[in-house]
Amino acid sequence: KQNNSAMGLAQLAECLPPSHDLETLAFWLGMAREAGLGVKTEVETLEIDDREDVDLRWRFTVPKIALTAEALEVVDWEEE
């Protein structure tokens, strides 16, 4: 919301470095799906530092999405 523009997963990872890499990426993709945002065939690559090994970086190729605060406001996060 503070960015005031759409953000992809690589941008989110820069601003909010995930502590649980795969879980966080899956959560962000799930947020996009719940908000009804289209997951495109276009992809982006992001790298995340390994928390236990300073010399290791994890590279992920993920669908390119555009998360916005407005799109996520419509999601009922309490629904099961």
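How many residues does α2 have, and how far does α2 reach from its first C-alpha to its last? The helix α2 has 14 residues and reaches 20 Å between those two atoms, close to the 20 Å expected at 1.5 Å a residue, where the expected span is 1.5 Å times one less than the number of residues. Helices (H or I, at least four residues) and strands (E, at least two) are DSSP runs, numbered from the N terminus.

This is a predicted model, in which local features need pLDDT of at least 70 and side-chain atom pairs count only at pLDDT 80 or more, while totals for chains, interfaces and linings use all residues. Residues are numbered from 1 along each chain as its sequence is written, and side-chain values use heavy atoms, with hydrogens and water left out.

**Overall layout**

The protein chain has 3 helices and 2 strands, and read along the sequence these follow the pattern α-α-β-β-α. Its C-alpha atoms fill a box of roughly 40 × 30 × 25 Å, taken along the principal axes. Of the 80 residues in the chain, 32% are buried, where buried means under 20% relative accessible area, exposed over 50%, and partly exposed in between (1.4 Å probe, protein chains only). Among the contacts (heavy atoms within 4.5 Å) with a separation of 6 or more, 55% are between residues 24 or more positions apart.

In α2, the buried residues are D21, T24, L25, W28, G30, M31 and A32, and what covers them includes α1, β1, β2 and α3. An α-helix has 3.6 residues a turn, so residues three or four places apart point the same way. Just after α2, G36 takes a positive phi of about 80 degrees.

Leaving aside residues up to four places away in sequence, W28 touches L9, L12, A13, L16, P18, I65 and L67. In soluble globular proteins, nonpolar side chains tend to be buried together.

**Pockets**

On a 1 Å grid over the protein atoms alone, a pocket is an open set of points where a 1.4 Å probe fits, with protein on both sides within 12 Å along at least five of seven lines, and lining residues have an atom within 4 Å of a point. Grid points are joined across faces, edges and corners, and a volume is the space filled by probe spheres set on the points. For the classes in the table, Ala, Val, Leu, Ile, Met, Phe, Trp, Tyr, Cys and Pro count as nonpolar, Asp, Glu, Lys and Arg as charged, and the others, Gly among them, as polar.

| Pocket | Volume | Lining by class |
|---|---|---|
| Largest pocket | about 420 Å³ | 9 nonpolar, 5 polar and 3 charged residues |
| Second largest pocket | about 170 Å³ | 6 nonpolar, no polar and 5 charged residues |

The largest pocket is lined by 17 residues, of which K1, Q2, M7, L12 and A69 lie nearest its centre. The elements that give two or more residues to this lining are α1, α2 and α3, with the largest share, 4 residues, coming from α3.

The second largest pocket is lined by residues including A10, P18, L46, E47, R51 and R57. Here α1 and β1 are the elements that give two or more residues to the lining, and β1 provides the largest share, 4 residues.

**Individual residues**

R57 lies in strand β2 and counts as partly exposed because its relative accessibility is 43%. R57 and E47 are 10 residues apart in sequence and 6.2 Å apart in space, C-alpha to C-alpha, and R57 touches E47, I48, D49 and D50, not counting residues up to four places away in sequence.

R51 is found in the loop between β1 and β2, and it counts as exposed because its relative accessibility is 56%. C-alpha to C-alpha, R51 and D76 are 32 Å apart in space and 25 residues apart in sequence.

A35, in the loop between α2 and β1, is buried, with a relative accessible area of 17%. Not counting residues up to four places away in sequence, A35 touches A71, L72, V74 and V75.
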